[in-house]
Amino acid sequence: MAGRPVDAERSLVAALAELEVPQGPDELDSLAGPTRGEADGAARERLELRSRTLTTLALTELLLSGLDAALARLDEAERLVDVLGDATLRARLEYQRANIHGRVGDLASAWAGVEGAARSLEAFTPAERCSVHLTRGMLAFQMLRPQQAIGSFAEAAHLARRLGRLDQEFMARHNEGYAAYLLGDLPRSLSVMAAAEELDADVFRGPARLDRGRVLLEAGLVKEAAEALAAGADGIAGDGHDQLRAEFDLELARAHRLMGRLESSAAESAAAARVYAGLGATAWQAKATLAGLLTDLDRERRDRGRSGGSGADPQVSLRAAATADDLVETATQLGDTELADAARVVAAQGLLLGGDVDAARTRLLGLERVSTGSLSDELDSAAVTAAVLTEAGEVVAAKRILSRAARRLAAGQEGSASLDLRTARAVHGVRLAALDLDLAVPRGSPAVLEALERWRSATDRLPSLGRSADDELATLTESLRAVRGRLRGEVSAEEERELTANAARLERQIRDRDWALSSGSRATGAVPVRVREAREHLVAADRDLVWLFAHRGRLCGVGVVGGRAALRDLMPLAEAAELARRMRVDLRAAATHHLGPLSGAVWGSLRSSADRLDRAVIGPWGSGAAGLVLVSCQEVSALPWALLPSLTGRPLTLAYSLTSFARRERAGDRAGAAPPVHVSVGPHVSRAPREAAAVRDTWTAAARDVEVANPSRSVRLVAALASPGIVHVAAHGVHQVESPLFSSLVLHDGPVFAHELQPTGVGADHVVLSACEVGSATFRPGDEQLGMAAAVFSLGARSVVAAVSPVPDDVAGDTMVRHHAALARGRAGDEALAEAIAASEPVAASFVNLGGRFAGR
């Protein structure tokens, strides 16, 4: 009756009624015979059956009535086992005791039970032995005993394969994935869990789906985690699953908190705490209470920020700290050092917000620093420690904590070459980066540049190249290519629904496979460049720098103009974001040739917003160099910067960071012959053949080898992007907001997706994407970007030209031909683009130069 505890209880209680025996010890002994343990015949059989029934019922009682009721059943069963002296029954009793204590978080008691069971494995069937090993493995990992866990999982997997049991195989494979998570290999974890989910096993999948949600959260895929957890919770039906639903609620509370949905987070954590209290699950109740306290403290910080600190009540934070202190005592009594440390960190946060810095520091000094293997937990603790040290005036010590945390985040990225996971996991460093900026701003521009670079470089990773081809991934990608191709044609509404669902399924499978492959293909740190060296590259390139960043509700900037650094507070962040939003909306409208009388109004609004942003954001810096390197932030992203008066006709490069730009400058000198030019022509773009011919003629006249692919093929374009040279794509493009790694360029054999570029990387010097809005990006916390153009330069391209908004085909073609002509004359990439835009219609300002500067001829 798996998943139906109410029905199970009814049946088991009825069985007990049929198996009534005397309750007094003397009467029990009389049933056992003259010698303890020598009961025989019907009496012994009756005692054995009643003991087994009580042992089974104990777990059902836990689900329905809580811990005390479950332990009472176990105590009654143990009295019978003592009378019988049966080692087999005792082993099974110990295993059930382990299950019950493990479910309520009493790990020490659970471990004692499972070790007792493991010493008498002959008491279990082969399938049950697999379960014992699985349980022992999970407890071992929770108690930080990885070697014992690995041995148990290996034995469980072996038994499952030998038995050919899908249910056991599901558990073994899923727990292999969870073990990979606990060891820090998130790509492998997510992939293996997904593979287990694909098995056609008749098992209750609620706990497995909960685990996957937890791993997604740790990976920083917060939106995906929230969706998976909500779906998993919805899939739990019937009574008796209160604890499992509470675990889903607790993880959803974490997800909502990371997304800033504090009211939802508070509601979820409170619901979980109520259920745990009813079940007598003390450790879990403490965890839920801590989650609620963290949300309360976040709300207090948010409200203080909105009010400028006026009306703040320190007692709110101090009460939270007092509750956390109580939970430290609870955790200590349970022997749960990890929970005790988590409570101390929360207490320190509350005391810090309440103004008692010394007490906050005392709590942190009490940390046992037990490693949980969780990057998010480590970084949370580091953020609190750095904040306390800052308030205590120990700025140097705080900076050391922050530097170590940035290195820890960078090390966490090395576990995967996947752009998806690299950009997602940066969410765990957002609070630390903000604190680093708080410390840096009062110390001026050099300190701010260092702080901004520290956190950008933590996630600036490149894939290790030469990952072997994978037939499964190739098959999945080809299937997705075919489905997307059919969706572009004429299909019925029903067919469109089926194809869309199929595409979503294939995308999930591709991500799972990509994560698995990237687990064995480690990310590598970008070649380090010091900020001082990067500034020297700026001077050599005759470029200024402006790096925009959000800080305490303001749009701020740090600049290096004319070789001199400066820090400026530019404008309210909300106003800047609204101006940027209006520009994006107006730019889309301006891209159509059918505006008629509305054209003047649209362009008037667009130029008005551009003028306001220019005066506030660009104008204050003046101009000391020929061109500008701009590092933007999410609030003012995807803009037609060339429309700003100060930037009209001025060479502009949008860079990921100062050192990222400098690396591309340093990589610009290539020995040997000029690299070739590749042009891919997409279907259904009437101007594309003419555009391709003009690009070919331009570079042929400049003595470059030119290849024009018409019809175009995805495999050829991927190969061209992987090699040195210039790559031009005259094709339609699609930016997928929800799944940016499936943003694509449409070729004759179907779309080529951003994720397909990861195995080989991008070695091209200059990539021109003459397609609609593939320069757009989806932002994740920490200003991490995903999309086609972002993927191309993140994977190694020196520079990329792409549009942040739709551009009419004729304007795009003419502008890009002018761009290539300027490149062929020896103009640098940013200069060539500025020249081409200035000679085209204003909507051509949608094209931007990303990454670095191509050196032209």
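Predicted model: local features only at pLDDT ≥ 70, side-chain atom pairs only at ≥ 80, totals over all residues.
**View 1. The largest nonpolar core.** This core takes in 80 residues, and Leu-548 and Trp-641 have the most contacts inside it. Helix H28 (residues 599-618) supplies the largest share, with eight residues. If you're looking for another core, there's one lying apart from this one: it has 48 residues, including Ala-98, Val-114, Ala-140 and Phe-153.

**View 2. Zooming in on Leu-548.** Leaving aside residues up to four places away in sequence, Leu-548 touches Leu-555, Cys-556, Gly-557 and Leu-570, along with Val-617.

**View 3. Helix H12 against helix H13.** The axes of H12 (residues 222-234) and H13 (residues 242-258) come within 9 Å, crossing at roughly 155°. Angles over 145 degrees count as roughly antiparallel, so that's the label for this pair. The crossing is left-handed. On the H12 side, the contact uses Val-222, Ala-226, Leu-229, Ala-230, Gly-232 and Ala-233, while H13 brings Phe-248, Glu-251, Leu-252, Ala-255 and Leu-258. Sort those residues by type and you get nine nonpolar, one polar and one charged.

**View 4. Helix H17 against helix H18.** Here the axes of H17 (residues 337-353) and H18 (residues 357-365) come within 8 Å and cross at roughly 170°. H17 and H18 are therefore roughly antiparallel to each other too. Arg-344, Ala-347, Ala-348, Leu-351 and Leu-352 of H17 meet Val-357, Ala-359, Ala-360, Arg-363 and Leu-364 of H18. By type, the contact has eight nonpolar residues, no polar ones and two charged.

Conventions
Residues numbered from 1 in each chain as written. Heavy atoms only, no water. Core = buried A, V, L, I, M, F, W, Y, C linked by side-chain atoms within 4.5 Å. Buried < 20%, exposed > 50% of the residue type's maximum accessible area, 1.4 Å probe, protein only. Helix = DSSP H or I, 4+ residues; strand = E, 2+ residues; numbered from the N terminus. Contact = heavy atoms within 4.5 Å. Axes fitted to C-alpha atoms, helices over the stretch in contact; angles between N-to-C directions. Parallel < 35°, antiparallel > 145°, perpendicular 65-115°, else oblique. Left-handed = near helix turned anticlockwise from the far one by under 90°. Nonpolar A, V, L, I, M, F, W, Y, C, P; charged D, E, K, R; others polar.
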